[in-house]
Each structure stands twice: as structure tokens, then as C-alpha cells.
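The following exercises concern the model displayed below. Each task is followed by a stepwise solution.

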Amino acid sequence: MPSSSTIRRVVIGITAAVVVLALALGALAWTQVRRTMPDTDGTLQVEGLSAPVTVLRDERGVPDIYADTLDDLMIAQGYVHAQDRFFEMDLRRRITAGRLSEMVGEAGVETDKVIRTMGWRRVAEAELPMLEPSTRRALQAYSDGVNAWIEAQDGIGDMALEYTVLAQQNPDYRVEEWGPVDSLAWLKAMAWDLRGNYTQELTRARMRGKVSDSMMRDFFPEYDASQREPILSADEWTPKRDRGSSDPAPIEQAKGESAASAEAASLPSPGVRDEATQDALAAAGQALDAVPELLGHGEGIGSNSWVVSGDRSSTGKPLLANDPHLGISIPGIWYQVGLHCREVSEECPLEVSGYSFAGLPGVVIGHNAKIAWGFTNLAPDVTDFYLEDVDDEEQTYRRDREDVELTLREETIAVAGGEDVTMTVRSTVHGPIVSDVVSGVAEAGEDPEGVEGDSSYAVSLAWTALTPATTADAIFALNRAGDFEEFQDAARDFAVPSQNLVYADVEGNIGYQAPGAVPIRSYGVDGPPGLSPGQLPVPGWDSRFDWEGFVPFEELPHVYNPEDGLIVTANQMVTRQVRPFLTEDWDYGYRAQRILDLLASEPTITPDKMARIQGDTRHEFAPVLVEHLMRIELDDPFVEDARDLLREWDYTQPVDGQAGAAAAYYNAVWSQLVRLTFNDDLPSDLQASGSSTQWEAVTRLLENPRSGWWDNRGTAGVIEGRDEVLRQALVDARLDLTQRLGKDPSGWRWGDLHQANLTHQVLGGESVPAPVRAIFNRGGYALPGGSSIVNANAWDASAGFDVTAAPSMRMVVDLDDLDASRWVNQTGASGRPFDDHYTDQVQAWATAQTYPWRFTEGAVREAAEDELTLEPAAAEDGG
């Protein structure tokens, strides 16, 4: 799986000169810090404004912006984003444009190659003219505000402390003007990290031929809708029709393919060119792993969101909760902001507050004066890998019975302190060939000895986000929407990433809409038993595997005012389906069912109850596994002493106390069990993470004590079974925690193992000298909860217990009194490490506490601690 340190590795070239700088900062710190701190009080002149704009900041530095025109409001948002987060914005646009090497040197080249291959910025450039004129105008006004801030700085050293550090390696770096495409390209990064089942597809392909079909099905079990409810019941919504053709025709045979391999529609048979197939797939995975994790990746990337109607709430109006689960970093992913037209009108329609992305205008998640909305990742299958039969000499690829020319383009990557790198990007009708990015892939994909032909396998990527779309229009339309119809109209433009959108309004209505570009795949081609189209890479030489378009918006799942007054989305199955037109790789619904059970536990739901649910730490799979663990015969009092922790455990996972000690041991046992059961049968770079996929798999394997998964390939001549693996996991966990936490189990704490370390994306990695890391990083936050738990502080069993993803923010919106709403961010408003607002929300976030979220101007003014007036810049005197 991709490493969260991908971006941090790009600064490996920073040398001991940075240490000298860090020591010098001891004497010059105050001067340097003051240079980079934003002005949040008084008056500033800003180029482009037509009238004064007021920026009110509360005790945590969160701004509410008031303006007379939409242009002025967008200029001010751009200016304020730059004040607090400009380095983050600049880094994001360098990454999404494939120009990171211009900032950090040669260490950024591999990342740039992958992004250039996919062409994120090229797609964003194509999207700009497709947008509504009002959206383009807002993007330009926002850019004008960012550029006004850039122009107001005396030099790059005033912009951010990071530039002063990086100047030791790259003294010639210059900040460029901001443009609308810089904002749009960020949507590609957002879509990439939330793209769906790409990891599962590659894992299946690389497991195929190495484990039996039955073991494959055990590892990816079907979703059990009888145990964990989908978002929508059959009474609320069902698919209108099946998708795909039904008359299979003979499979077209690729060059050099045997008849047997041609019959296997998804991949060539292992006996002919399997080595080349696996090498090409591994190269594709290695290439895509070079993409930095900007929002996060893996099973921990998900979200909770739910809404209850006024009939179910204590206020008589709906309540809406949301906490998106993304990667952790400092600064955090979101930026809180209120955007207020002083007089709301058609010309200036915004009265909205919520969470934005620094670098993108508008509010992504939040509420306006009439409606509130939340997101969770729908995660439909929006990517497919195509195995392409390529002739490298002729630069052609097989397409049915013809050889078709590859589409070629040249890209030049400028490298700070080094020579330019020139690359050729090759594409097929399906998309870019991503396996080309890895050095040596041409050799890796060559025909095995004894197989005729001059062609090799390559892997192309089809991805919905590489088709230009109008998602930016959707963001502004959501900000303006006043009822469910307008909300749905906004969702119609939300092409990528596909999300579950929940809705509530001040009139008492609630709703749900699944938007997005969802491919239609053919069901008329026989694939491997038990697998559906989209679950494995497919042969690009057979056009019947091409996408057949996209599911019409009208046929995507939705509901308005369901009878039970509840809508819960937590990445579970959306609806029971005859054929999987969305995906079959859902989160397995443990979080969602726990939320439903908690909501059903009381007849009336209060805002406090909504917030308490967000902090729930009960482990829903633990009772199943603990029952089996307690049956295992142990003859070692040392291990029994630890297992005793589980006897009275209530299955919650706080950081300390009796339950915290039990949680520490349980999770250590689980980590060992995942390792012993799965990892010997998986590729070394695709080890099991231990999240809900393995929860569901182990639930079923526990009833099959002689499954091949229980056997350890590394113990020749010995065939292990279930009980031996469970026993070994209990023993190994006891030894592990004794070494980590001490001999006495009663003193163990889950919080001593399970910690969040907030690491700066560039200057926080191990390759950076410790004095510099200490300036930017913050860490050691003990967190409760865990993977696939409502308080979803995820960890990866293949990498340790540290938190890898978590609620990136939390919010509860009270539609009866918007000023009574609550929110918290992961870090703070500022991206500047010496600012008081760099980490002033972390402790509340770590303990699932929230702050007042004021919306009306009176409430905002009453809480304001800083007031900044942005005035139109004075005209220069003529000469």
C-alpha cells in the first residue's frame, strides 16, 4: 500500500546546512516568526476590492468574512486562505501539476512522472471553459485575492517559514501567481485519494494463481446485508434495471495467446505469460504508490455521516452529523470559514459556513441559512486496469483484430539543482499507461522465453476523474441551495469523487443523494467464478470490456423524507442490488450498524447524543473473536495472565483504564492473527491491514478451522489449523506487549500504543534533521477507538499501532438553531508552526469534544476576538 511518507521523502536532499539554519533560528526566531505571521487586526489594502470587507476571527482564529459583492467575498477568501495556509496551497498545486521537482529537486521526479502520466493539470485546464460563467468568475476573483496577498509580501521569506528552510537546498525557488486551474487541479487529488477499489483490484490480480478461487472468495467475502443494513432499504430505493449486455460473444484472442488463456476473460492464464502479467501489474502498483497521499489512502479512508428528522430529534428540527475519515497531517486537511454576503441576493447569494480546502473557493461541507449537507465516501468502482498488448517497436497496441497506434506526448520536468527530465507518456483508448512510469518496465513486460511475438504487456488506467467534468459548479451550487430540489441539482454536477450526500433543512426535511460518474460495465462476458466486471484487470484488446457510458443521474440512489426518519451513511453498501452497478468492495458496515443501533437506543435524539455517538469506541467484531480466543487451551500462566483481561472487557477502546488494557491486548492479538493468517499468502507490498475486510473474512474462517488460510506456507511439512493460529497469536501478542509496555498486563494502556503523530508533509520526515522536524511536527497524542469503529482512528496491522487515518473534523448541525451547532478541526486554522492556532484544536479533537459553531452575524460578532478590514487599494497617482 502507498506509504504516508511519500511526500516527506522528497526532502531527502536537505543537508546539514538546515541544521545550521535551525540553530541560527534560535537567535533569529522572533524576527523570522514575526515576518511570517498574518495581520488579523486593523486595516489592510487589497488590490481588486470594490468596497471594504470585514474579517472577524474567533478565539481559535476561525474567520467569518462579510462583503457586499460575490467578487469581493471571493477575493477576501483567497486572501485569508493565503494568510494562513499559503505554503500548503503552493505545495498542493506543485504536486497536482507534476512540478514538485521545481520545489524540492530530484527527489520529486518520480512523483512528477506519475502525475504527468495521468495528466491531472491537463484535465483541469480542459474543465475550466466547461464551467458556468459565475463559477469561472468566482475562481478568478479567488485567484486575485491570493495574488494580492503574494504581492503584499516583501519576499519569499515573508510567506512561510518552510521557504526559508527549503532555500538551503533550492535558493532560486520563486512563487508564481495563482490561477483558477491551480484550484481546479486540487479536485483531482481529492478524487484520487477517494477513488474506490483500486487496491482491491490489484490485490485480486496479484493473488490470482497463487491462492485457490475459494480462498480468494474467503478473503473478499460478500457483504452481509442481513446483518448490517445498507443505507437505503428496498422500500426506499431499488435499481430501475440491470446493467450490461447479456449475450457473450467469443473472446478475441491477443497476439501470442493460447486458446485456453483467451477463455479466461479477465487475465491471461498463468501458464503462458503469467510472469509478464504479474510484473506489469506490480509495476503499475509501484508507479501509483508514488502519488503522494494528500487526503489519505487505505481502508481507514471513509467517513460517518447521518441525519435524523425533526420527529426523531429533541429540537423538533433535523440534526445532521459528519466526520470524514482521512489521513492525518499538520496542518489538517480542512480550513473552517464563514462566507457572508451582507445582503443576500441573486448577485451575491452566499450565506454559508463550514469546511473549505485552502486553495479552493467556497465551502465543501457545511450549511447555509436554509440547508445543511454532509459527505461520506460512496467509493464506487471508478477505476479499471486494462492489460494492454503493446508492440514497443511499432508503438502500437492490440485492439480487437487491429493494431492501433498509441497516443504519445512528450513531457519535460524541470528539476531544481539538476538536469531536466524528458519523458514520453503513452496512452490507449482506455487511458494512460501507468506501468511505463517505473524504470525497467519495458524489460519486465517482455515475452517470457519460448513465447513468440514482439509484444509486451503494459497496464493502462481508466479513471472517471480523467474525463473533464463540472464538479466545481457543484460546490457553488451546494453553497446556494435552498431546498432538496436545488440540492439534487447541485449534486448532478458532482462528478468526482462520488460521495454519499446527506441533507437536512430548516423546514424539517431530510434526504440522501448519491452523485458521481459511475461507469457501466458489460455483464455479457464470462469472467472468473464469483467475480464481477471491475474486480480484476481486464484485457484491453477486447473492446467488449470497455465502459459503456455512465449511469444516468436519475438512476443513482436517493431518498427524501424516509418513513423511519433516519439516514446513516458510513461507507457501507448503498442498496441491495441485482447486479453491482456501483461496486462490490464496500466497507463491511460495522460502523454504520453501530450508529443505527445507538440511534435506535433512545426514542428522542439530542444534539449531545449525536456528538457522543461520534466518540463511540465499541469494537463490534471483538465479541466474535474473543469467544473463540477464550476457548483456546493454554498451558502457560504467563499468557493466561494477559488473556484474563478479555474476560470482563466491555469491548470499548478508551486510551486507558481496565478497558484500555484489554483493548491493548486484544489489538495486539489481532495484529498477530492477521499476520499469521493472511500475510504469507499475499504480496509483500500488499499485506493485510486488519480492517473490516479482514473482520468479515475471519468471521467466516472461524467456522472453517481447516481453511487454507490458516496454514502457514513458511512451515514446510506442517499444516496449521485455526486453533493453532489463535494460540500462537495469543502467545506472540503477550511477548510483544511485554517488550513494549512491561510485564504487568494491568498497567497496559491502549493509548500508549495507539497514537497520532501529526507530521508536516515536507519537513516532518526522518530524512529531515531533528531540530527542523521539531519546529513543524506535533505528536504523541493518545487516541481511543480504532479501525472500523465509529471513532475511527485507524491503524494498519501491517505497519504497527500508530494512527494512519482519523476523523479529519467533526460537526453536528442543529437545524432548529444554527448558532447551537458544534464543530472541531483536526489541528487549527493556521499552517504556521509558531502561531497559537497551529494546534489549538488538537486536544478537543483527540477527545471527541467540539466547539460552538456560530453563524448569525450577531453571534459571530459577540465571539470575535480580531477584526480585520480589507479595503480597496488606493489608486496610484498619475505621473
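**Exercise 1.** Is V109 buried or exposed?

*Solution.* The model is a predicted one. Step 1: the relative accessible area of V109 is 7%. Step 2: the cut-off for a buried residue is under 20%. Step 3: V109 is therefore buried.

**Exercise 2.** Locate V109 in the secondary structure and identify its contacts beyond four places in sequence.

*Solution.* Step 1: V109 belongs to helix α4, which covers residues 109–118. Step 2: with residues up to four places away in sequence set aside, V109 touches S101, I413, V415 and V421. Step 3: for one of these contacts, V415, the separation from V109 is 306 residues in sequence, while the C-alpha to C-alpha distance is 7.5 Å.

**Exercise 3.** Determine the strand order of the open sheet of 11 strands and explain what is particular to its edges.

*Solution.* Step 1: the order reads β1-β28-β2-β3-β6-β7-β8-β9-β16-β17-β19, and the pairing is mixed. Step 2: the edges are formed by β1 (42–46) and β19 (558–560); each has a single partner strand, so one side of each lacks a neighbour in the sheet. Step 3: from one strand to the next, the twist averages 15 degrees.

**Exercise 4.** Describe how β1 is joined to β28, and state which helix lies across both strands.

*Solution.* Step 1: β1 and β28 (residues 866–872) run parallel and are joined by five bridges. Step 2: Q45 has E871 in β28 as its bridge partner. Step 3: helix α2 (residues 70–96) lies across β1 and β28, and also across β2 (53–57), β3 (63–67), β6 (335–341) and β7 (351–356). Step 4: relative to β6, helix α2 runs at about 160 degrees.

Definitions and conventions. Residues numbered from 1 in each chain as written. Predicted model: local features only at pLDDT ≥ 70, side-chain atom pairs only at ≥ 80, totals over all residues. Heavy atoms only, no water. Helix = DSSP H or I, 4+ residues; strand = E, 2+ residues; numbered from the N terminus. Buried < 20%, exposed > 50% of the residue type's maximum accessible area, 1.4 Å probe, protein only. Contact = heavy atoms within 4.5 Å. Pairing = 2+ DSSP bridges. Axes fitted to C-alpha atoms, helices over the stretch in contact; angles between N-to-C directions.
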